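Student: I have a structure open and want to go through how it packs. Can we take it piece by piece?

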Protein chains: 2
Amino acid sequence: MAKQARAIHTRRLILEAAGEVFDEYGYESATIAEILGRAGVTKGALYFHFASKEELARGVLSEALTTEGVMPQESRLQEWVDVGMVLAHRLPREPLLSAAIRLSADRKARDLFGTSWPAWISFIAGQLTAAKEQGELLPHVDTERIAVLFVSAWTGVEILSTALDGGDSLEERIALLYDTILPGVAVPGALRALDTAPDRGTRVWDAHCAQREEEAASAAS
Amino acid sequence: MAKQARAIHTRRLILEAAGEVFDEYGYESATIAEILGRAGVTKGALYFHFASKEELARGVLSEALTTEGVMPQESRLQEWVDVGMVLAHRLPREPLLSAAIRLSADRKARDLFGTSWPAWISFIAGQLTAAKEQGELLPHVDTERIAVLFVSAWTGVEILSTALDGGDSLEERIALLYDTILPGVAVPGALRALDTAPDRGTRVWDAHCAQREEEAASAAS
């Protein structure tokens, strides 16, 4: 591996380990020693990338706004569904993502680092505004307020899903969230064409991974 | 004050102080000393009621399932709205209630004490089932799943409301939650009659308090 690629790989290993440890222990009880042990890197390597536990937490939070895997769709509402469903698919599999929610829900960590919620809210508001301009939303819908409501509800569903059954049914619960709020915000014609099946996130993500591998293979050949 | 009434009053003072401290510091960082200071009671009085920080947390959680102030209504959907709106009115004013959410969202405290979520879910499921039997819900609605979704979304709205603006607009946000999910679950006829105005919780709660005072006055005369 080239030197730069190795540095990126090491940084990623450390962030993933930090995500696991913050997720399990919370910010306060997490230790650099535990993160070092999980990452399997040297103390020097860790401190080269992150000077402190605070910087590690900031690093984890900065990874939280991700729409990787979501493809452009004719229906902007479908793109909105895809963002939430892909995240519901990835989150139980990627401690880095669930750690960001844990850190945001922790009052002390939140005071120190802020949260990724405002960034998510403005991203979703943008999606809803595009859907509205395309005539997919009911005329009375306030896209900014619905964005706040959606990010709030999504977060609550994730927190209770983890508490009630370890997060196993997150995709099913988020699909129900969309199915329940869509009739209150979308015009009937736009509604009918939407795919909100619980496995939507899995399918979209798998297609993205297959495409990524194909591209990597053709770049290597 | 009679001896028993004084003991109940002291217990309440301690629980409210514990609620404040858990709410601000989280379970881990909360100390008995801080709770004692806020409650303004002696160490002996505190340990008479609660043997440990664990027992204080259990005491706080056991206060969290409250439907005080909600009156029977002809529409069972209106009762469901009233439960969520009265709680949205009371929660920013009663640290005991918001502390229960903080403790439930804290993974470590949750592992030790459980949460009040299952009790809330089964209460709301009962309300929705009654509404369905009365023909107020759409036939496809699964009352148990909607109860889980609603308690999840309510919790997420509370957490983000606290994070984004200190909880000031909780009633407005919960009103929007009802307005957004009701079209997906209620029959149009039931919908039209509902009062989901942001000040619904305030009005219901004030009427309850006025009635309580009247009863106390007539009992004393």
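**Core and helix packing**

Tutor: Fine. Keep in mind that this is a predicted model. A:L77 touches A:L128, A:A131, A:E136, A:L137, A:L182, A:A186, A:A190 and A:L194, leaving out residues up to four places away in sequence.

Student: How many residues are in the largest nonpolar core, and which have the most contacts inside it?

Tutor: That core has 89 residues. Those with the most contacts inside it are A:L77, A:W80 and A:W154, along with B:L77, B:W80 and B:W154.

Student: OK, helices. At what angle do α6 and α9 of chain A cross?

Tutor: Roughly 105 degrees, and the axes come within 11 Å. Here α6 covers residues 95-105 and α9 covers residues 143-165. Angles of 65 to 115 degrees count as roughly perpendicular, so α6(A) and α9(A) are roughly perpendicular to each other.

Student: Which residues make that contact?

Tutor: From α6(A), the residues are A:S98, A:I101, A:R102 and A:A105. From α9(A), they are A:W154, A:T155, A:E158, A:I159 and A:T162. By class, the contact of α6(A) with α9(A) has four nonpolar, three polar and two charged residues.

Student: What does each side put in?

Tutor: α10(A) gives A:E172, A:R173, A:L176, A:L177 and A:T180, while α9(B) gives B:R145, B:I146, B:V148 and B:L149. The contact of α10(A) with α9(B) divides into five nonpolar, one polar and three charged residues.

Student: Switching topic. Where does UniProt place the DNA-binding region?

Tutor: The UniProt entry, which is unreviewed, puts the "DNA-binding region" at residues 31-50 of chain A.

Student: How much of residues 31-50 is helix, and how much strand?

Tutor: In chain A that stretch is 75% helix and 0% strand. Its end C-alpha atoms are 13 Å apart.

Student: Last one: where is B:E55, and what does it contact?

Tutor: B:E55 lies in helix α4 of chain B, residues 53-62. Its relative accessible area is 36%, so B:E55 is partly exposed. Leaving aside neighbours within four places in sequence, B:E55 is in contact with B:H49 and B:F50.

Student: How far is B:E55 from B:F113?

Tutor: They are 58 residues apart in sequence and 9.3 Å apart in space, C-alpha to C-alpha.

Conventions. Residues are numbered from 1 along each chain as its sequence is written. Chains are lettered from A and ligands numbered from 1 in the order in which they are written. This is a predicted model: local features need pLDDT of at least 70, side-chain atom pairs count only at pLDDT 80 or more; totals for chains, interfaces and linings use all residues. Side-chain values use heavy atoms; hydrogens and water are left out. UniProt positions are given in the numbering used here, feature names are shortened, and annotations may be inferred rather than shown by experiment. Helices (H or I, at least four residues) and strands (E, at least two) are DSSP runs, numbered from the N terminus. A nonpolar core is a set of buried Ala, Val, Leu, Ile, Met, Phe, Trp, Tyr and Cys residues joined through side-chain atoms within 4.5 Å. Buried means under 20% relative accessible area, exposed over 50%, partly exposed in between (1.4 Å probe, protein chains only). Contact means heavy atoms within 4.5 Å. Axes are lines fitted to C-alpha atoms, for helices over the stretch in contact, and angles run from 0 to 180 degrees between N-to-C directions. Angles under 35 degrees count as roughly parallel, over 145 as roughly antiparallel, 65 to 115 as roughly perpendicular and the rest as oblique. Ala, Val, Leu, Ile, Met, Phe, Trp, Tyr, Cys and Pro count as nonpolar, Asp, Glu, Lys and Arg as charged, and the others, Gly among them, as polar.
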